[in-house]
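Good morning, and thank you for coming. Today I shall present one structure in two parts, and I ask that you keep the picture in view while I speak.

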Number of protein chains: 2
Amino acid sequence: MELTSPPHPPAPAHEARGRPLPELALETIWYRRRISRADLSRLLEVSRSTASELVSDLLATKLVAEVGDGPSRGGRRPILLEFQDEAHLILGVDMGATHVAVALTNLRGRVLAWREEAHPVRSDPDGTRELIVRLCEACLADVPGASEALLGLGVAVPAPVDHRDPKRLSPTVLPAWEGRSGFESLETHFGVPVFMDNDANLGAVAERWWGAGRGIEDFTYIKLATGIGAGLMVGGEVYRGATNAAGEIGHVSIDPKGLPCVCGNRGCLVTFVGGEALVRRAREGLAGAPGSMLSGCEITTGIIERAALARDPLAMQVVREAAHHLGVAIAGLLNLLNPGAVILGGSLARLGDDLLLPLRETVLRRTLVSSVAASEIRVSELGPRGIAIGASTLVLASALERPSLFPTMRD
Amino acid sequence: MELTSPPHPPAPAHEARGRPLPELALETIWYRRRISRADLSRLLEVSRSTASELVSDLLATKLVAEVGDGPSRGGRRPILLEFQDEAHLILGVDMGATHVAVALTNLRGRVLAWREEAHPVRSDPDGTRELIVRLCEACLADVPGASEALLGLGVAVPAPVDHRDPKRLSPTVLPAWEGRSGFESLETHFGVPVFMDNDANLGAVAERWWGAGRGIEDFTYIKLATGIGAGLMVGGEVYRGATNAAGEIGHVSIDPKGLPCVCGNRGCLVTFVGGEALVRRAREGLAGAPGSMLSGCEITTGIIERAALARDPLAMQVVREAAHHLGVAIAGLLNLLNPGAVILGGSLARLGDDLLLPLRETVLRRTLVSSVAASEIRVSELGPRGIAIGASTLVLASALERPSLFPTMRD
DNA sequence: CAAACTTTGTTCGACTACCGAACAAAGTGC
DNA sequence: GCACTTTGTTCGGTAGTCGAACAAAGTTTG
């Protein structure tokens with residue numbers, strides 16, 4: 001039997017099987033997608049009789065089904081078991097600072113329906129909650145029978161949160177929300193559990209399961225948007241720090257004599273690479289770049305990105321500068337955390353090599369050989385849907401870890 | 001029954017008991033020091049009959065003994081079981097850049113014998129290995145019967161290491177050692193297993209078990225000596241990164257336009273706060289401080305530290321400047337990692353408040369309120385013996401996790 | 001002080017999860 | 001055609017854990 005990793009995400013811990021066998025069995029079948037009882041018994045290191053017993057329980061839950069015979073390996077042909085990816089559906093909500101997006105996915109992270117809409121999330125909690133419900137229902141309406149199959153709802157919020165308590169919200173970042181998410185209403189409305197986490201953390205989760213972080217235990221995901229936040233993946237789990245505030249890389253100073261930042265520090269990364277900083281630098285550069293695509297319009301980060309993709313010299317110059325500053329911060333990150341990869345997400349990541357090449361150059365000049373050798377700096381593989389997919393994955397991961405969340409495994 | 005934490009270190013995971021009960025039982029008795037069968041059954045959440053059975057096995061190993069009756073709580077008085085701290089001894093070796101120190105400890109981290117000696121460790125591998133053996137034997141000779149009771153040997157090395165393979169050593173930091181530790185000879189010489197880890201990591205371990213990091217799951221230990229390194233404690237475990245290079249905080253840049261560093265970067269923390277930087281700053285300041293204790297002698301970091309403790313103005317000025325620079329780096333660390341504490345070790349930590357007060361001032365000015373609120377910056381509680389104690393603790397932790405290391409539990 | 005109640009620790013029968021051996025079914029290879 | 005493999009099931013055995021019952025040694029109440 002081959003033990004090479006199949007596609008996709010976190011392999012169940014093969015070594016010390018700490019958890020109950022039924023859970024490990026379900027997780028392993030999900031992970032391998034198709035597997036025989038014999039292979040399962042070898043992977044879990046239990047006897048074939050035990051594997052058989054476990055499987056017969058799982059068949060009863062309808063999460064696993066027999067799907068015909070596999071190829072013989074010199075003896076009787078194995079009966080293939082397959083995880084039923086469509087047995088349940090999950091709603092993943094990306095609540096950004098200025099927009100809301102919703103993905104309806106199956107149990108393999110595939111997006112079956114998608115909705116997004118601009119909205120002043122920061123200032124309008126009630127309207128945001130209504131919008132979330134509306135977009136969710138629109139997604140559910142796209143897929144017949146979706147409401148009945150719904151397993152749970154995951155929400156990515158642009159603020160530090162205690163992921164164990166989806167009711168509360170940090171009041172310092174979203175003051176209008178008064179410290180309450182109000183997502184209990186989602187729970188009652190859709191009749192399923194609601195999970196919540198920080199957006200950068202969920203970006204990291206999504207990349208780990210389906211994107212550029214597959215197979216990497218320790219990496220850092222950096223979301224480059226209006227603000228800058230990081231999701232730290234440590235040992236395959238999100239690292240949250242002592243008070244859920246880990247990952248605030250935007251307020252790491254890269255120049256102690258730099259401009260003052262709202263946070264009280266000077267020369268924060270966000271004052272060089274944040275949305276407002278990019279707009280400011282573009283404006284400053286307009287005088288020296290008369291023919292630029294950026295002249296004569298209201299400059300936004302979206303416009304700068306588009307102009308850079310169209311190879312506008314001024315926009316590219318702004319991006320290049322930002323990349324160099326980002327490089328200084330990432331060099332420090334590499335020295336301190338020695339991650340297996342750095343994955344860039346957020347809107348700025350769309351620029352690909354225009355961002356990566358100057359960034360890598362700065363990093364190479366500024367790190368110890370040993371630490372950067374194994375480190376790779378990449379852009380997100382999931383693009384703008386990554387955060388919503390991560391929110392959905394949050395529910396999936398919880399369910400695979402604690403299968404009692406599946407209605408058919410509760411009895 | 002009270003569930004408040006007794007003194008000391010990592011409590012065994014009470015929740016999901018992932019590991020075999022005999023191991024958890026031993027660990028719990030070690031942790032509580034004295035406990036009855038009834039209390040043990042409640043802590044482990046097993047029946048009293050099972051607890052009784054587990055205990056009778058442990059009594060046979062001599063690691064646990066009955067030590068009379070405890071106070072009644074309204075019924076029959078409990079028989080107290082006590083972990084036998086002196087059942088085995090451990091050697092902890094602190095291999096610094098310029099010295100070797102050895103601690104002989106019991107199973108509670110208490111130092112029973114101590115030796116140290118200056119030595120050019122970097123350039124003389126063979127002499128260092130001989131010196132380690134000599135100091136270890138001297139320690140063993142101090143305690144009657146120590147050799148027979150020896151459980152294992154832990155070594156702290158001043159370089160990144162793969163702690164799972166004590167034979168290899170990073171050749172980039174200690175070139176004369178040619179990538180080999182040669183510690184297999186220690187294994188055969190003393191007839192016990194040898195464990196190895198990086199010195200900053202072991203400083204963190206020691207503080208977590210016995211010092212300023214007790215009860216804190218996530219903290220950062222910073223060793224301030226000739227070089228500057230950090231041990232990152234994440235979820236109660238040392239975080240090593242993808243290639244065992246995590247914690248290189250000395251080469252995090254705090255000023256991108258600063259002096260070039262040997263690592264290729266500019267303005268590394270070590271160029272402001274490292275041993276050579278302190279000496280350089282002291283020399284530069286001599287002209288403006290005619291009566292200083294530092295004039296007229298060969299300046300070393302040790303002398304600067306002593307002068308600062310004696311309140312010499314120039315030395316204090318050098319320390320204050322270093323503290324401010326360190327503060328910039330720590331502010332970044334707090335924003336990025338949000339640790340529950342930052343613990344300063346190494347020789348510079350002896351200065352206590354002279355270092356801490358200016359440091360805290362800089363940090364307060366440079367961090368988000370939320371992240372620093374729960375974070376505390378402290379100095380090591382273990383002092384110069386911390387690293388050796390950490391090396392000993394490495395062995396202790398391994399044995400409590402995998403009790404088959406105890407000879408009496410092997411059969 | 002006796003009676004009632006608590007707590008501790010042990011004993012013992014029962015249950016559960018898992019294993020290994022044996023076996024039938026269904027393949028491959030010479 | 002025959003020997004050998006692999007798969008999946010059946011079934012009796014075993015180790016680990018539990019619960020009930022009990023004796024021993026306390027405390028509290030009247």
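Let us begin with DNA strand D, which is surrounded by 24 residues. The closest of them are Arg48(A), Ser52(A), Arg76(A), Ile79(A) and Thr50(B). Please bear in mind that this is a predicted model.

By residue type, the surface near DNA strand D comprises 11 polar, 8 charged and 5 nonpolar residues.

What part of the DNA does the protein approach? Among the atoms of DNA strand D within 4 Å of the protein, 64% belong to sugar or phosphate, and the rest belong to bases.

From Arg48(A), a polar side-chain atom lies 2.6 Å from a base oxygen of DNA strand D. In the case of Thr50(B), an N or O atom of the side chain is 2.7 Å from a phosphate oxygen of DNA strand D.

I now turn to the contact between the two protein chains. Chain A contributes 42 residues to this contact, and chain B contributes 42 residues as well. About 3,300 Å² of area is buried between chain B and chain A, with carbon and sulfur atoms giving 58% of that area. On the side of chain B, the residues that lose the most area to chain A are Tyr239(B), Leu336(B) and Arg366(B), which together account for 20% of what that side buries.

How many salt bridges are there between chain B and chain A? The count is 2. In one salt bridge, the side chain of Asp255(B) meets that of Lys257(A), at 3.2 Å from N to O. Polar contacts between chain B and chain A involve 22 residue pairs, with both residues at pLDDT 80 or more.

Where on chain B do the touching residues lie? The elements giving two or more residues to the side that touches chain A are strand E10 (228–234), helix H11 (313–337) and helix H13 (369–373) of chain B. H11(B) provides the largest share, with 6 residues. Sorted by type, this side of chain B holds 18 nonpolar, 16 polar and 8 charged residues.

That concludes my presentation, and I welcome your questions.

How values were computed: Residues numbered from 1 in each chain as written. Chains lettered and ligands numbered in written order. Predicted model: local features only at pLDDT ≥ 70, side-chain atom pairs only at ≥ 80, totals over all residues. Heavy atoms only, no water. Contact = heavy atoms within 4.5 Å. Buried area = accessible area lost by both parts, 1.4 Å probe. Salt bridge = Lys/Arg side-chain N within 4 Å of Asp/Glu carboxyl O. Polar contact = N/O pair within 3.5 Å; in protein donor to acceptor, adjacent residues only side chain to side chain. Helix = DSSP H or I, 4+ residues; strand = E, 2+ residues; numbered from the N terminus. Nonpolar A, V, L, I, M, F, W, Y, C, P; charged D, E, K, R; others polar. Near = heavy atom within 4 Å.
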